[in-house]
Amino acid sequence: MNWTWLLVRLAIGLGIITLLFFSQRFWYRSLWRVTANWGRVPLRVAVRLLYLVGLLLIIISFIDSLRMDHGRILPRGTMITVFAGLWFSSTLFAFLAVKLVRGIERLWHWYRKSAQAKTAVRQAPAEPAVEVVPDPSRRYFFRAATAVAGATPFLGVMYGFAGERLRYQVRRIEIPIANLPSTLDGMRIVQLSDIHLSGYMPRSAVRRAVDMANDLGADLAVVTGDLITGSHDPIAECVEEIRNLHAPLGVYGCNGNHEIYARAEETAQRLYAQAGMKLLRQENAQLAFKGAPFNLLGVDYQRERTPSGRKVQMLVNLDPLVRRDMPNILLSHNPNSFHRAAELGIELTLSGHTHGGQVQVEILDHRLSPARFFTDYIAGHYQRPLFAPAPSDNARASAALDLSAAMRSAPLSSLYVNRGIGTVGAPVRLGVPPEITLVVLRRA
């Protein structure tokens, strides 16, 4: 058992819970201070009780979201679930923003006191001490900055929920494929991913994404995992919607990690088959476009570690399904399987899983995303040499240096990471609008 890995996971979990506790404690005490000045006692008590009842329901809903493979405490589809995600995310970021401003204010006061002390030391004994008078404008500035810092996350979360979360975008990308037959040049693949049909994602929203995908007139349609979030979500309804995808070469898919959490892998496979689609689970399908064959492969979600923390190889036993006489396209929900896919000689991998981080902030020309903590492949198109050995954790730096030289001459394997259309945790997207991808194959 890898105790270091378990301790790291435990520390991260406790850290998140601690932050959530202190953020709720902060806003709880703030409300108490504000209402303490209200003259009417019944109104003051009513507002405080309403806050406590609402917070209790929000906590129960949050616990519901963690019980993905168990029954629900609250009924599905309640607005409390949506509000819980919005509340926890906005109050947490607002708490951190306020604490940051107050920390800067303390540093400023410490600097002023240090400057005052140094001035007093330099003064001659006969000279009167120069007292540094507090600057009211500074105090008002920090008070205003605190108010803005506390309000901005609430406004951002509301915009991410009501605006950007619903602003579906079609991304068209041409991907060069090594040794692609000329007849396959221009073949179009439409990709949906991370639908997460749940209280945050109604059927009507999935139907709109399917209609937009159909309008692209693709030759092949694929869905790369996470139809739902947990076992309480209606996977049958999701399959009913995606069965309306139309493509001459058919509709194919693979399971994501949330099918594992919901213990719905076999259910998804059965529902796909009943709907006339195919869920690929460690298997392949040989298709043809304009007479030219290609090999479509699919795998269940690829774990990188066992529950005990031991690192495992990805795409185990997939080698016999890879063809050397035709192009290979892999559906793998986890983009971190790309290293192994390239090593096996798979020309194109289509993935999802990251949601593009759901929230992305650009600071000093650097894009910051939560997805950066668990993958190098956040969203979009990536390449590495075909048949290049997958780097180990200890050799990533040297492998990166060798990679740039090898990519100038070697045939390349490509990965495309779809940003998904659904959300997990908070029903919010900021800087990462939901995506429907149209992949066009091109001769390298």
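This is a predicted model: local features need pLDDT of at least 70, side-chain atom pairs count only at pLDDT 80 or more; totals for chains, interfaces and linings use all residues.
The chain has 444 residues, of which 46% are buried. Its secondary structure comprises 10 helices and 14 strands. The accessible surface amounts to about 22,800 Å², and carbon and sulfur atoms account for 61% of that area. When contacts between residues at least 6 apart in sequence are considered, 76% of them join residues at least 24 apart.

Aromatic side chains were examined next. A pair of aromatic rings is described by the distance of the centres and the angle of the planes. Across the whole structure, 12 aromatic pairs were found. For Tyr377 and Tyr382, the ring centres are 5.0 Å apart and the planes stand at 70 degrees; the pair is therefore edge-to-face, since an angle over 60 degrees falls in that class. Tyr377 has a relative accessibility of 10% and so counts as buried, the limit being under 20%. A cluster linked by ring pairs contains Phe26, Trp27, Tyr28, Trp32, Tyr51, Trp87, Phe95 and Phe154. Elsewhere, a charged side chain is placed against a ring: Arg208 lies over the face of Tyr168, at 4.1 Å from the ring centre.

Two members of the aromatic cluster, Trp27 and Phe154, are also among the residues touched by Thr91. Thr91 belongs to helix α3, which spans residues 79-122. Its relative accessibility is 0%, and Thr91 is therefore classed as buried. With residues up to four places away in sequence left out, Thr91 touches Ser23, Gln24, Trp27 and Phe154. Gln24 is also a polar partner, as the side chains of Thr91 and Gln24 make a polar contact at 2.9 Å.

Pro293 is located in strand β7, formed by residues 292-298. In contrast to the buried Thr91, Pro293 has a relative accessibility of 38% and so counts as partly exposed; this value lies between the 20% limit for buried residues and the 50% limit for exposed ones. Leaving out residues up to four places away in sequence, the contacts of Pro293 are Leu184, Leu287, Ala288, Met326 and Pro327.

Conventions. Residues are numbered from 1 along each chain as its sequence is written. Side-chain values use heavy atoms; hydrogens and water are left out. Helices (H or I, at least four residues) and strands (E, at least two) are DSSP runs, numbered from the N terminus. Buried means under 20% relative accessible area, exposed over 50%, partly exposed in between (1.4 Å probe, protein chains only). Contact means heavy atoms within 4.5 Å. Accessible areas come from the Shrake-Rupley method with a 1.4 Å probe; for residues, only the protein chains shown count as cover. Rings of Phe, Tyr and Trp (its six-membered ring) pair if their centres lie within 6.5 Å; planes under 30 degrees apart count as stacked, over 60 as edge-to-face and the rest as tilted. A charge sits over a ring if NZ of Lys or CZ of Arg is within 6 Å of the ring centre and within 35 degrees of the ring normal. A polar contact is a pair of N or O atoms within 3.5 Å; within protein, one must be able to donate a hydrogen and the other to accept it, and residues adjacent in sequence count only if both atoms are side-chain atoms.
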